[in-house]
Amino acid sequence: MATTVSQQAERSSAVTEMPDELRADVRLLGELLGQVVAEHGGDDLLADVERLRKAVIGARRRQVSVDEITAMVAEWPVDRAVQIARAFTCYFHLANLAEEHFRIRTLRVRDTGEEPLPESLAQAVQELGGGKVADLVEGLRLHPVLTAHPTEARRRAVVTAIQRISHQLAAYNSSDRGAAERAETRRRLLEEIDLLWRTAQLRSTKLDPLDEVRTAMAAFDETLFRVVPQVYRALDAALGTGDGTGNGTERPRARAFIRYGSWIGGDRDGNPNVTAKVTRDAVLIQAEHVLIALENATSRIGRSLTLGSDHTPASPELRAALAAAENDHPEVVSEMATRSPGEPHRQWLMFVAARIAATRQRGLDLAYRSPEQLLADLRVAQESLVAAGAKRQAYGELQHLVWQVETFGFHLAELEVRQHSQVHAAALEEIAAGRTSERTEEVLATIRTIAWIQERFGLTACRRYVVSFTRSADDIAAVHELAAHALGERAPRLDVVPLFESGADLAAAPAVLSGMLRIPAVQAGLAEERRLEVMLGYSDSAKELGPAAATLKLYEAQEALAAWSAEHDVPLTLFHGRGGALGRGGGPANRAVLAQAPGSVGGRFKVTEQGEVIFARYGHDAIARRHMEQVTSAVLLASTPSIEARTAEAAGRFRGVAERVASASEKAYRRLTEAPGFPEWFSLVSPLEEIGSLRLGSRPARRGLGAPRSLDDLRAIPWVFAWAQTRVNLPGWYGLGSGLEAVVSEAGLDELRAAYREWPLFASLLDNVEMSLAKTDRAIASRYLALGARDDFVEQVLAEYDLTRRLVLETTGHTRLLEDRKVLSRAVQLRDPYVDALSHLQLRALSTLRADEGLPESERESLSTLLLLSVNGVAAGLQNTG
């Protein structure tokens, strides 16, 4: 394989930097997987896996040619190639797990208590001062929105198997285990890895929307419910002492500033599988999970409050509440009094737990009507404890429960509805004509379902209605008009959110908002809460304009919206529709916050979290807490006048640079993607057609049937996902090289370097492109591109890659990609050879399927299985692919 000297140096450096603890975990898991592979397929299967592994490593050292690897892969029967692909896919799951554990260990080692962790809440308070942060906390809001876009290629069964292996690996590495315990844990590890191997990697049935809801609930059950109060506690401790510690005897200064949203079961734009019934059922599933969690937490805390009334007497309010409860529900309270005599706080919390259970079971006599009623009861107990001097109990676990209720309510996450503006326009036309289609009836049924959700769970459970492809204020008014048609005066309260995605729509956003101010329903909403929400779409804008132009035009839109907000005295919440992949707005969330336009954050950050990103960020308590602290810290910093002023100054100075980069990069991107024959070529050089068979999610991969005739026919997710499979990663970098070259030719390289040093947005853009380039392999990419028999396209893509790579390195001053990010560099470089192995297996399947239309059905089916397994494995290896 032809590789450059610099690429060899990158791998050598990464291997040298591999920490001993990580190396040991990777070796252990790899050895156990090898044992499992040999047990199931024989030593000859393990030998073939090792042959390919050594060959791809040799190729990167220029000791083995690509032709030799191609010949090796071609000589295996397809069934053997499938087994080898499974082995490498399982290896990636285990390698990812080892890296996650190393990251957690690193966080714990760095948390010495002497200095706050970088990008933590304690550091933000230290940097800004407690007074400034306390002022910001009142309006602080972090609002992640979980979405079900199909970027998570792993089956839920595979994810669960990996989590069990994770628990065993943590136990194996525990320092307090003896030799016998360690040996038993190793046996358990082998058992779980064997189970992972035996678990089918591919789904046999397509997910439906409620499957996606249940999958997302795993993140809540296993992580979010516990971690959210820990984040509040970290902020409160930093505000109280400045060093992140606290003694737990003071009333918390931190408020519950996190709210979760969800599109899962509510997003019907282009997904006919999401119906009004699905939306109703999605909320019920969410409510079931959160009410069970609240009941369990309340029972656990209640059982622990064994404070006798002689030392910790109940307040008059608590005694009165218990008396009223006994009068209304004597059988419930008397039983608790019998079990916990002289322990009024325990009795009260156990009664509250019984009421939460009744709420879940719809026991109307005992059920809470709203989370506010539950909070009032919890505060009765809390104030009673404070009055009795038991402040640690009042502000300890009981405070965590209060924060959890404030954050999750009885609905867990606000379910947001999204629909395309054209669907609303068509529905109104049909209603005016006196005839309604099934689709229009479904729109009206959805609005009635929103009203039912609000009546059952309150306004905060479902009130936002996102209109994709908003072109004018009429698109917003249409939703309110349809609500009136659906329920008349009983129409639900709706906050209709415009979603701006294309370049033209982004530019028109302020004018649309001005038009919205004339809509009576919007005026009524502003009278209640003077704030509007605007959503910015990263995926489709990047697909239309290219990554560089989209990033810069989104920044311009934020500047214009911030100016509109100030002019009209209407605060805005900007909702960032960022995907997981770099070509869809992905990248470190905290850096993205700090790169926002001045005045556009204002203490609030709302963003989509989707697919593999959900499990990457919320799969483990320590990582979830770190992620939430990093983002919140960035929101606080980005909202301060000094940082806003610094960012505004840099944006003003380098505006000319941005305009030249945006213009030239967009031209280069459109020159490729709008060329005749490009969509057909893309379908040939990538596994685009086959990805639909992976059953990744409930949403169709494209608009319409057949091969895409233009990029408009293709959704952003499969567009990015398919390019990642080819090792080109084109949506993450294409066009930037031409944009940088335009600046160099006019202003010189020094101007680019200054922009990189001084302007957070430009630095974030280049850092993300650098990551995308690092995950691109030119040699393997060339083999994919050649499948389309269009040398002109191949030459165009590779020339832009070479240009972009060279100018990014010259601008950043790095000698190699990711030079200043050792952890990420190591992760990418150490995975690359194993991704190479799966790419060669995928190329074999893809090239045969493309070249021979007369294949027997059985062979075509086997090759398709090989292709899909390799897609799954490459996604696991590259990680942020969709």
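Predicted model: local features only at pLDDT ≥ 70, side-chain atom pairs only at ≥ 80, totals over all residues.
Trainee: Fine. What is the strand order in the open sheet?
Mentor: There are nine strands, in the order β3-β2-β1-β9-β8-β7-β6-β5-β4. The pairing is parallel.

Trainee: And which are the edge strands?
Mentor: β3, residues 414-415, and β4, residues 417-420. Each pairs on one side only.

Trainee: Let's go inward. Is β8 enclosed or open?
Mentor: Largely enclosed by the rest of the structure, because six of the six residues of β8 (residues 572-577) are buried.

Trainee: Which residues sit on each face of β8?
Mentor: L572, L574 and H576 are on one side. T573, F575 and G577 are on the other. Both faces are covered.

Trainee: How many bridges pair β7 with β8?
Mentor: Six, in the parallel sense. One to look at: G537 has G577 of β8 as its bridge partner.

Trainee: How many for β8 and β9?
Mentor: Two bridges, also parallel. There, F575 stands opposite K606 in β9.

Trainee: What about β6 and β7?
Mentor: Two bridges join β6 (residues 495-500) to β7 (residues 532-537), and these strands run parallel. F500 stands opposite L536 in β7.

Trainee: Switch to β1. Why call β1 largely enclosed?
Mentor: Seven of the seven residues of β1 are buried, so the rest of the structure largely encloses it. R141, H143, V145 and T147 line up on one side, with L142, P144 and L146 on the other. Both of those faces are covered.

Trainee: What does β1 pair with?
Mentor: Seven bridges join β1 to β9, running parallel. L142 stands opposite F605 in β9. β1 also pairs with β2 in the parallel sense, over two bridges. In β2, S262 is the bridge partner of L146.

Trainee: Which helix lies across β1 and β9?
Mentor: α27, residues 621-638. Helix α27 runs at about 145° to β9.

Trainee: Rings now. How many aromatic pairs?
Mentor: The count comes to 24. Take Y91 and Y834: their ring centres are 4.8 Å apart and their planes are at 40°, so the pair is tilted.

Trainee: Where do Y91 and Y834 lie?
Mentor: Y91 is in helix α5 (residues 78-110) and Y834 in helix α38 (residues 822-851). So the pair ties together parts that are 743 residues apart in sequence.

Trainee: Are those tyrosines buried or exposed?
Mentor: Buried. Y91 has 19% relative accessibility. The cut-off is under 20%, so Y91 still counts as buried. Y834 has a relative accessible area of 10%.

Trainee: You mentioned F575 in β8. What about W263 and F575?
Mentor: W263 and F575 form an edge-to-face pair, 6.0 Å centre to centre with 80° between the planes. W263 lies in the loop between β2 (261-262) and α11 (276-304), with F575 in strand β8, so the pair ties together parts that are 312 residues apart in sequence. W263 and F575 are both buried.

Trainee: Which residues do ring pairs link into a cluster?
Mentor: F678, W681, F682, W719, W723 and F793.

Trainee: Which arginines lie over ring faces?
Mentor: R86 lies over the face of W197, at 4.2 Å from the ring centre. R280 lies over the face of W452, at 3.7 Å from the ring centre.

Trainee: Last topic, α15. What span should its 17 residues give?
Mentor: 24 Å, at 1.5 Å a residue. The end C-alpha atoms of α15 (residues 371-387) are 24 Å apart, so the two agree.

Trainee: Which α15 residues are buried?
Mentor: P371, L374, L375, D377, L378, A381, Q382, S384, L385 and V386.

Trainee: What covers them?
Mentor: The cover includes α11, α12 (316-328), α14 (344-361), α16 (391-394) and α17 (397-408).

Trainee: Which residue just after α15 takes a positive phi?
Mentor: G389, with a phi of about 90°.

Methods
Residues numbered from 1 in each chain as written. Heavy atoms only, no water. Pairing = 2+ DSSP bridges. Helix = DSSP H or I, 4+ residues; strand = E, 2+ residues; numbered from the N terminus. Contact = heavy atoms within 4.5 Å. Axes fitted to C-alpha atoms, helices over the stretch in contact; angles between N-to-C directions. Buried < 20%, exposed > 50% of the residue type's maximum accessible area, 1.4 Å probe, protein only. Phe/Tyr/Trp six-rings, centres within 6.5 Å; stacked < 30°, edge-to-face > 60°. Lys NZ or Arg CZ within 6 Å of the ring centre and 35° of its normal. Expected span 1.5 Å × (residues − 1).
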